[in-house]
Structure formats: C-alpha cells, structure tokens
Amino acid sequence: MKVGILGSGGREHSICQIIKKSDKVDKIYCFPGNAGTSQIAENVNLDLENFEKIKNFVIENQIDLVVVGPEKPLVEGLTDYLVKFKIKVFGPNKIASQLEGSKIFTKQLCKKFNIPTANFGIFQNVKDAKQFLKDTVFPIVIKADNLASGKGVYICDEINEAVTAVEEIFGGKFGKAKNLLIEEFLKGEEMSFFTIHDGKKFKYFGSAQ
C-alpha cells in the first residue's frame with residue numbers, strides 16, 4: 001500500500017520510520033517532509049493549507065492512507081475534507097481536534113462531564129482579565145485559547161507578569177485571540193496519555209513526557 005504523511009517536523013520523521021517497517025507499505029510520500037524523511041520517503045512540496053491540491057495528489061497517486069501530523073490542518077478540517085472524497089485518513093475530525101485547538105473548549109468539556117481539571121475563568125477582553133488578577137492568588141496560569149505551536153502558556157508568580165501575559169495574548173502574539181483562559185496553578189508532573197478511537201472502541205498506545 002501507499003501512505004502519505006503530512007508534516008515537516010521530527011514527529012513526522014518518527015511516523016515515517018515506524019510505517020517504513022511495515023511489510024504492508026510499498027511507498028511513503030511526505031508532504032512537505034524534511035531532510036530526514038527524504039531518506040525513507042519521497043518528499044512532495046505541497047502547501048498544507050491547500051486542501052484541494054493535497055486531495056488531488058492523493059487521488060492521482062492512488063495513496064491508500066493519509067496520516068496527518070500537524071495540529072493546524074486537523075483543526076481546520078482536513079480530515080473531514082478528505083473523507084468526503086472517500087480517502088482514508090488517520091487523524092481526528094474538526095470537532096475532535098478542538099481538544100487541541102481550543103484550551104477553553106477542552107476545559108468546558110471537562111467541567112460538563114466532571115473530568116478533574118484546575119479551576120478556571122474565561123475572559124474576553126483585557127479589562128476584565130486585569131480586574132480578575134487584582135484579587136487572585138499567585139502563582140497563576142494564563143493561556144491563549146487558540147493554537148500556539150506549543151507556546152502561549154504563562155506561569156505567572158506576580159501581577160506584573162500576569163498583566164504582561166494578558167496584554168501579549170490579546171495583542172496578537174499567538175494570533176488573533178477572542179478569549180483568554182486563566183486557571184489555578186497545580187504543582188506536579190505532566191504527561192500525555194495516548195488512545196485511538198474509531199467511534200466505538202478505543203485502544204491505549206503509550207504515554208510521553
């Protein structure tokens with residue numbers, strides 16, 4: 001079978017290496033790939049924001065499975081788009097991708113279903129956020145709601161740091177921000193716990209820290 005992998009980072013290089021080991025895989029394409037993936041796959045210079053070009057390449061080259069690495073195309077609905085053309089995709093749909101794309105969406109989901117999470121508040125402007133900070137207990141955690149490429153999280157020990165964080169987020173440092181999240185600081189260790197779902201069953205496949 002032929003597999004197409006979207007992305008250009010170390011994550012996609014790792015995915016290429018693992019998929020290459022499968023006896024079922026004859027050919028791997030990586031869009032756009034990197035120097036590492038070029039050793040084990042064919043790099044194809046495609047714009048990940050141009051869903052139509054990706055779809056056309058997949059169909060023209062009879063690619064059997066597309067694996068999406070980066071969060072941004074998932075949040076923007078690439079999986080949903082490709083599925084419309086009966087293309088098999090490994091990657092969450094647009095709704096599920098909000099768990100990564102919006103910190104506020106995830107916090108509200110936790111609250112709705114009583115999933116343990118730090119106490120939080122949602123703010124839509126600088127004035128309200130600053131007013132809240134006057135009476136808060138530090139340290140505090142302030143987060144940009146939107147995708148921020150692994151950034152956009154501030155741990156603030158005092159009010160001046162917190163005010164700067166609020167101003168930077170609403171000022172567009174991590175892209176246009178309609179909302180901002182302020183939550184209590186929890187001390188401890190963090191890890192990612194991975195599962196895959198098909199809508200009916202789920203399977204655990206490791207953790208990372």
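**Contacts and rings**

Modeller: Thr-37 touches Glu-12, His-13, Cys-16, Cys-30 and Asn-43, leaving aside neighbours within four places in sequence; contact means heavy atoms within 4.5 Å. This is a predicted model, where local features need pLDDT of at least 70, side-chain atom pairs count only at pLDDT 80 or more, and totals for chains, interfaces and linings use all residues. Residues are numbered from 1 along each chain as its sequence is written, and side-chain values use heavy atoms, with hydrogens and water left out.

Biologist: Is Thr-37 buried or exposed?

Modeller: Thr-37 is buried, at 0% relative accessibility. Buried means under 20% relative accessible area, exposed over 50%, partly exposed in between (1.4 Å probe, protein chains only).

Biologist: OK, new topic: how many aromatic pairs are there?

Modeller: The count is eight aromatic pairs. Rings of Phe, Tyr and Trp (its six-membered ring) pair if their centres lie within 6.5 Å; planes under 30 degrees apart are stacked, over 60 edge-to-face, the rest tilted. One of them is Phe-51 with Tyr-81, tilted, at 5.8 Å centre to centre and 45° between the planes.

Biologist: And are Phe-51 and Tyr-81 buried or exposed?

Modeller: Both Phe-51 and Tyr-81 are buried.

Biologist: Why is the Phe-123 and Phe-132 pair classed the way it is?

Modeller: Their planes sit at 45° with centres 5.0 Å apart, so that pair is tilted. Phe-123 is buried at 11% relative accessible area, while Phe-132 is partly exposed at 35%.

Biologist: Which residues form an aromatic cluster?

Modeller: Tyr-29, Phe-31 and Phe-57 form one.
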